[in-house]
Amino acid sequence: MEDSYQNRTAFIKGAKDIAKEVKRQASKKVGRSVDRMSDEYSKRSYNRFEEDDDDDHPMQGSQDGGYYRSDSQAANDDDGGHSDSTEGHDEDDEIYEGEYQGIPRADSGKGDLAGGPGSITAGAQQFRDIGVSEAERRKDQEELAQQYETILQECGHGKFQWSLYFVLGLALMADGVEIFVVGFVLPSAEKDMCLSEPSKSMLGLIVYFGMMVGAFLWGAMADRIGRRQSLIISLSINSIFSFFSSFVQGYSTFLFCRLLSGVGIGGSIPIVFSYYSEFLSQEKRGEHLSWLCMFWMIGGIYASAMAWAIIPHYGWSFQMGSAYQFHSWRVFVLVCAFPSVAAIAALNAMPESPRFYLENGKHDEGWMILKQVHDTNMRAKGYPERVFTVTTIKTVKQIDELVDIGIDTPVWHRYRLKIMSLSQQIRNNILACFSPEYKRTTFMLMAVWFSMSFSYYGLTVWFPDMIKYIQKQEYESRTKTFTKERVEHVTFNFTLENQVHREGHYFNDKFLNLKMKSMVFEDSVFEECYFEDITSTHTFFRNCTFIASLFYNTDLFKYRFVNCKLINSTFLHNKEGCMLDFSDDFNNAYMIYFVNFLGTLAVLPGNIVSALLMDKIGRLRMLAGSSVISCVSCFFLMFGNSESGMIALLCLFGGISIASWNALDVITVELYPSDKRTTAFGFLNALCKLAAVLGISIFQSLVGITKAVPILFAAGALAAGSFLATKLPETRGQVLQ
């Protein structure tokens, strides 16, 4: 009995010493709360052993004798079989090192190991707690949204946001450049690669297909691995394949590189707007997201200016025989990768979105970034002494999906499991956008995005094609026609252009070092004629007969001879590939580069107006109002019968419709919670690119046939979009979910 008493007395003393040590170590971090915890710890330990001293054998059903052990253990274990190393240790009173920072403490789960007595109960409880966990998570998100807005108010708007503005602006600029690259290089690339009409159409659309895939992929990834990391990866893919596309020679490899380049840049818009919005407070969000849209315009201006400055300078090129050619349009493709490369370099100096960290339970990382935002802004405003007063931030309860891969699992199998887990999480996020809570919003936004994209991209491509058609009609009106001419012993060494020769007879004539542009010979006879060093564009021989004629070093390939007879005629050393013809580069530059430059610059007033009014009149009024005005402006297209008239209407439509796009970007960001924001935005942007492909294909097929159908299509789509936009909820004045 005395031994037992001495053991208990020694244990009590040891417990008190441990409690004092815990108190001394923890008080440095948590202060008074730990003092109370340590005192309670000592008190409970002392009371337990005082009760053991009065009653060495507690009753089986006692409520007081089992603090460290179960009641059954307290009743059956008289001598206390615990080692000194474990006695006095209460896991419930253990101090969590990150508790003072507000990080939620995870349950240890000890005692419910696999195969243990609590494992079956835990498994059943897991299914019952799914609904409760989701409810808790939703509540945490609502609390975080309110607190996050308050923190952003304290951080203020200043140097940090403006620095991030220019960095993300470069990424958005790269997206604007990508849209215009193929359109600008196509007139040169089609000659360099001998492209047929179907090939040219596919090259024009392939970028949109790539961007459609990229928007969906990177938007979903950004909600799982982070905004900054996803944006850097996507821009890196864009930069790498843009670089490769400037050097590859074949059409198929060029097409493949432009496809992957589009996949990379497709993540730019969904991630950039979501990323930037999470650093903006409520009263600044609409305005500054609209200012950010200006970089898409700057990207278009940059592409137009570089194309005009580089592509017509055909001297900026080199070639190795006829197998490898590097012409000026390839230099332009290389230069267009610069904004993407600059954005990657600048992003390495920027932090991840703190909202993303907090949504994923990473309190410390989120807190440090918000402190960085606060300190950067305060120093820039001249208040370096101001302290970031936030000590604890709400984090969202995490629902982990753990997979036991074991230590002996092959590396490839581990990565396979990780990829499968990530794919499942992305799939769940996409399905969540169609859950009852967001289903109506998602379908309404799908309709608005589709209608606006169908009309906008369809018309913006239709305008230049209509200008080309008008120019072609004017050019053809100046065509000279010659009938039944007979030419003998004449040497042609000058340019032949825009002529039609019918039923002519050419005997012993020489065609030397000349260019044939838009020349047509029909039902004519060439006898003992000599063709040397001929470069031709849009030149054809139809139903002609060639007798004892020689072709040396020409590009008059078989497809230029339609239903022709070649009698004792010889082709020697035909030119390989397609030779570039720059005879009309000035006109092409004016039509393509200058027109697109004006059309892009015309959106500047719309950008300014939308930025200034977005937070004053609201997102819905801006979206619906701009769509209605754009719809009305479509009917003015009926009066565009000249080149200058079509350019003016293009500028008018672009300047009005840009406000709709700005409002749509802002409202899409604000309608979804942070853990689904880039996923939803990416999905809607992918749908936008699909609508663009349909609009471009349909509108291009109607060029030169009718004006009424494209106008009615565009006006009807815009009218439907403006009506559906009024059914969306207004997000002005709301905290970011």
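1. A residue counts as buried when its relative accessible area is under 20%, as exposed when that area is over 50%, and as partly exposed in between. The points below concern a predicted model, and they apply these classes to residues of helix 24 and helix 13.

2. Phenylalanine 713, which is found in helix 24, has a relative accessible area of 38%, and because this value falls between the two cut-offs the residue is classed as partly exposed.

3. Phe713 also takes part in a nonpolar surface patch of about 420 Å², whose other members are Phe450, Leu690, Leu694, Ile698 and Val709. Two elements, helix 23 (677-701) and helix 24 (708-725), each give two or more residues to this patch, and the largest share, three residues, comes from helix 23.

4. Helix 13, which spans residues 328-335, presents another setting, since six of its eight residues are buried and the helix is therefore largely enclosed by the rest of the structure. The buried residues in helix 13 are Ser328, Trp329, Arg330, Phe332, Val333 and Val335, so that each of these has a relative accessible area under 20%.

5. Histidine 505 lies in strand 7, a run that covers residues 505-507, and the side chain of this histidine makes a polar contact, at 3.0 Å, with the side chain of arginine 486.

Note on methods
Residues are numbered from 1 along each chain as its sequence is written. This is a predicted model: local features need pLDDT of at least 70, side-chain atom pairs count only at pLDDT 80 or more; totals for chains, interfaces and linings use all residues. Side-chain values use heavy atoms; hydrogens and water are left out. Patches are made of residues with over 30% relative accessible area and no salt bridge: like charges are joined within 9 Å, nonpolar side chains (Val, Leu, Ile, Met, Phe, Trp, Tyr) within 5 Å. Accessible areas come from the Shrake-Rupley method with a 1.4 Å probe; for residues, only the protein chains shown count as cover. A salt bridge is a side-chain nitrogen of Lys or Arg within 4 Å of a carboxyl oxygen of Asp or Glu. Helices (H or I, at least four residues) and strands (E, at least two) are DSSP runs, numbered from the N terminus. Buried means under 20% relative accessible area, exposed over 50%, partly exposed in between (1.4 Å probe, protein chains only). A polar contact is a pair of N or O atoms within 3.5 Å; within protein, one must be able to donate a hydrogen and the other to accept it, and residues adjacent in sequence count only if both atoms are side-chain atoms.
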